[in-house]
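Please look through the structure shown below before reading on.

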Amino acid sequence: MSEKHLAVIVLAAGEGTRMNSSTPKVMHEMAGLPLLGHVLATASAIGASHVIPVIRHQRDHIEEYIRAFFPTAKPVDQDEVPGTGRAVECGLEGLPADFNGAVVVTSGDVPLLEVSTIDALLETHLEGGFGVTVLSSITEDPTGYGRIVRDTAGAFTGIVEHRDASEEQLAIAEINAGIYVFDSALLRSALGQLGQHNAQGEKYLTDVVSIALNEGSTVQALAVEDPWQVAGINDRVQLAVLSAELNARICEAWMKAGVTIQDPASTWIDVTVELGRDVTLLPGTILKGTTSIGEGSTIGPEVLMTDSIVGAGASVVKSHVTGSYIGNEATVGPYSFLRPGTDLGADGKIGTFVETKNAKIGVGTKIPHLTYVGDAEIGAGSNIGAGTIFANYDGVNKHRSTIGSHVRTGAHNVFVAPITIGDGAYTAAGTVVRKDVEAGSLGMNVTPQRNIADWVLDKRPGSAAALAAEEAQQN
Ligand code: UD1
Ligand code: CA
């Protein structure tokens, strides 16, 4: 069918009371996208001329997201009349008055439905010439879903909501997935006839099915094989269960693409993440946002990485990394904290208990132990001594430090920014560096050490220290 005759309405106006949240249900996140993002990505891929999300509850929040990420979708508002039927009625307002064709309805809270399934539903609908084609699923636990009701001959007679169902109907295992294709003319006319005489006092979209049958139209249900595809999210328990399902699929796809994942159950990968071949992910690794990992790198165990890029052959162990770049063959961790703007050059090292922020670190430079580097640029091949602090903040403003290439800084230095250390310079252990150090110089401001002879014997006579000292002096 031509895309001019295909529209998709995405229901996203409900409050989602069962989430018990200040965030609207469809904006709850799963694998890096809000539920609505998953649904709109699918809706946008079926080749429809119109994609119409219907919004109401926290509309501004949701509309902002849609405008930013799905600019061709055209949100419309649902009015105060409640129910999925009313939502679709409002959605039709977003279509040209002369629109004539198939209307796909999907739900903002059914995130894992695949494009191929909608395609199959459309094919069934068009080939059979049905008025309504409903996606259904046979489930072990139909609790909460609308049930597909059939007569003794097995013919589809209607959908009854869980809360309106009789004991007998509650036992039906075939559920309404909340995904449909309607003939647009039939849909318009049936929606006009919907009442609100049900347990929730809402206009139910599901009642369109029995209206269609009464009017002599044909209705078909297509059962989907994978129950996870049509699982809806109404509360946070379902959110957790379905998130794990999606994550298992994401891990499986990456494993097939050449990534080793030792423990998929404890490895969480957003749909937006990119992984190269022969990447190894060790247990407890969480990769979020626009993170991308280059070929042959090993990440984990226990790494949380967000919006960061890692080159090839790098290693990141037990660390927290955000908005950072890690070069080829570089090593990070264990216990490193890379904050936004960290740029570690190839073969570089950020080691144990090191925190970095806005820090450009040159090729082969090492910052191995117990250090804070903020607002700094360090050249290539330098080594920063253990226990160093880049004092970038004077209490009011932040200042930058510049350290050259092949610099050796002593242990326990403080670099009081703004400061510049020239190429090949050294600084002595324990130096508080307040003045620039020229290339090739040794910077030191350590007070010469004075040893007061026999201080312990005088001041702590009879102590274990004094006795040990006396014994040492006699030998
Ligand atoms: C709905 C179906 C049910 C089906 C289930 C599948 C109806 C009456 N029931 O029930 O048969 O088994 O989906 O997941 O349709 N929404 C609006 N406006 C509203 C109410 C809801 O846009 O006034 C949106 C919600 O934001 C949600 C979707 O419609 O995205 C479904 O609403 P929800 O209240 O979750 O319906 P269910 O009770 O799950
Ligand atoms: Ca639902």
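**A guided reading of the model**

Apart from its neighbours within four places in sequence, Thr117 is in contact with Leu135, Val224 and Gln229, where contact means heavy atoms within 4.5 Å. Thr117 belongs to helix H4 (residues 115-128); helices (H or I, at least four residues) and strands (E, at least two) are DSSP runs, numbered from the N terminus. With a relative accessibility of 8%, Thr117 counts as buried. The term buried stands for under 20% relative accessible area, exposed for over 50%, and partly exposed for the range in between, using a 1.4 Å probe and protein chains only.

The model is predicted, so local features need pLDDT of at least 70 and side-chain atom pairs count only at pLDDT 80 or more, while totals for chains, interfaces and linings use all residues. Residues are numbered from 1 along each chain as its sequence is written, chains are lettered from A and ligands numbered from 1 in the order in which they are written, and side-chain values use heavy atoms, with hydrogens and water left out.

Gly94 sits in the loop between helix H3 (84-92) and strand E6 (102-107). Not counting residues up to four places away in sequence, Gly94 touches Ile52, Lys74 and Val76. The C-alpha atom of Gly94 is separated by 9.2 Å from that of Pro53, and the two residues are 41 residues apart along the chain.

Which residues of helix H7 are buried? In this helix (residues 207-214), they are Val208, Val209, Ile211 and Ala212. These residues lie on the same side of H7 because they cover an arc of only 165° around the axis, the arc being that of the directions from the helix axis to the C-beta atoms. The buried residues of H7 pack against strand E7 (132-138), strand E9 (156-160), strand E10 (174-183), helix H6 (184-191) and strand E11 (219-223). Just after H7, Gly216 adopts a positive phi of about 85°.

Attention now turns to the ligand. Ligand 1 is surrounded by 23 residues, and the closest are Gln78, Gly83, Thr84, Glu161 and Asn176; a residue is counted if one of its heavy atoms lies within 4 Å of the molecule. A backbone N or O atom of Gly83 is 2.7 Å from an oxygen atom of ligand 1. An oxygen atom of ligand 1 also lies 2.9 Å from a polar backbone atom of Gly14, and one is 3.5 Å from an N or O atom in the side chain of Arg18. Taken alone, ligand 1 exposes 750 Å², of which the protein buries 91%; accessible areas come from the Shrake-Rupley method with a 1.4 Å probe, and for residues only the protein chains shown count as cover.

Charged side chains provide another set of links. The whole structure contains 16 salt bridges, each defined as a side-chain nitrogen of Lys or Arg within 4 Å of a carboxyl oxygen of Asp or Glu. In one of them, Glu29 pairs with Lys288, with the closest N and O atoms 3.6 Å apart. This pair links distant parts of the chain, as Glu29 is in strand E2 (residues 29-30) and Lys288 is in strand E16 (residues 286-288), 259 residues apart. Glu29 is partly exposed at a relative accessible area of 44%, and Lys288 is partly exposed at 26%.

Asp77 forms a salt bridge with Arg59, where the closest N and O atoms are 2.6 Å apart. Asp77 lies in strand E5 (residues 76-77) and Arg59 in helix H2 (residues 59-69), 18 residues apart. Arg59 and Asp77 belong to a network of salt bridges that also links Asp60, Glu63 and Arg67. Another salt bridge joins Asp79 to Arg86, with the closest N and O atoms 2.3 Å apart. Is Arg86 buried or exposed? With 18% relative accessibility, Arg86 counts as buried, whereas Asp79, at 21%, counts as partly exposed.

The backbone deserves a final look. Most residues other than glycine have a negative phi, and most peptide bonds are trans. The peptide bond from Gly300 to Pro301 is cis, with omega near 0°, and Pro301 is in the loop between strand E18 (298-299) and strand E19 (304-306). The bond from Ala417 to Pro418 is likewise cis, with omega near 0°. His406, a residue other than glycine, has a positive phi near 55° and is exposed, with a relative accessible area of 52%.

Notes. Polar contact = N/O pair within 3.5 Å; in protein donor to acceptor, adjacent residues only side chain to side chain.
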